[in-house]
Amino acid sequence: RGETATAVREYREVIAHARAANDVMCEVSALIPGAFAYAFQGDVVGARKAAAEALEACVELGYLLQNGYFTVVLAELAAGDAAAALQASDTAIRSTTNTVVQDFNLTWAALAELACGDAIRARVHIDRAVATATNFNNSMFLCLALAARARVCIAESSYEQAAADAYDGLAIAAPMGANVCVPDLFECLANVFSEGDNTQRAARL
């Protein structure tokens, strides 16, 4: 719902309880989304620290390693270090153990690739992410993937598809209150309108 501060606080509580109980699986299950919450909040220091802890716990557990690396991707994107994000993304893809989970996670890979200027590779990965989220009827992942694909479309100058993806993402986000997706979707629409010389509408967005 976009309430990142609340999410961070609650994940901290879960992590503390998990560590007190020596429950590594529960710890990992909270560290991964907790690291994402820090990144979405724009807390670079918190995101990097949480991502490092998540990855370390995944290695210890021997499970969800790809997800651990993708927390690093989000943290580095939040920090503006595209090269580090891409390096972590490539490692994440190589470490996959579950094809469906990998295809959901390709949203983050596409964003890292786009940040490094590789729109062609980003397009391949984001199309797979959108298709997988659609096939498995996962609205949250689909909303995030559509926002990422709208950005890829803008990089390709495919403004009509970018707008369509942004509108589709908003239609999904509104009924389920997925506010974390909304700013990116509005920003993509603003970019589209700006390119179409509709600067007044872009400014309103």
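## Exercises on helix packing and aromatic pairs

Helix H8 (residues 139-155) packs against helix H9 (residues 159-176) at an angle of about 160°, with the two axes 8 Å apart. The model is predicted, with local features needing pLDDT of at least 70 and side-chain atom pairs counting only at pLDDT 80 or more, while totals for chains, interfaces and linings use all residues. Residues are numbered from 1 along each chain as its sequence is written, and side-chain values use heavy atoms, leaving out hydrogens and water.

**Exercise 1.** Classify the relative direction of H8 and H9.

*Solution.* Angles run from 0 to 180 degrees between N-to-C directions, and the axes are lines fitted to C-alpha atoms over the stretch in contact. Angles over 145 degrees count as roughly antiparallel, under 35 as roughly parallel, 65 to 115 as roughly perpendicular and the rest as oblique. H8 and H9 are therefore roughly antiparallel to each other.

**Exercise 2.** Classify the ring pair of Phe36 and Trp108, and state what it ties together.

*Solution.* Rings of Phe, Tyr and Trp (its six-membered ring) pair if their centres lie within 6.5 Å; planes under 30 degrees apart count as stacked, over 60 as edge-to-face and the rest as tilted. The centres of Phe36 and Trp108 are 5.3 Å apart and the planes lie at 75°, so the pair is edge-to-face. Phe36 belongs to helix H2 (residues 24-41) and Trp108 to helix H6 (residues 99-115), so the pair ties together parts 72 residues apart in sequence.

**Exercise 3.** Are Phe36 and Trp108 buried or exposed?

*Solution.* Buried means under 20% relative accessible area, exposed over 50%, and partly exposed in between (1.4 Å probe, protein chains only). Phe36, at 12% relative accessibility, counts as buried; Trp108, at 4%, also counts as buried.

How values were computed:
Helix = DSSP H or I, 4+ residues; strand = E, 2+ residues; numbered from the N terminus.
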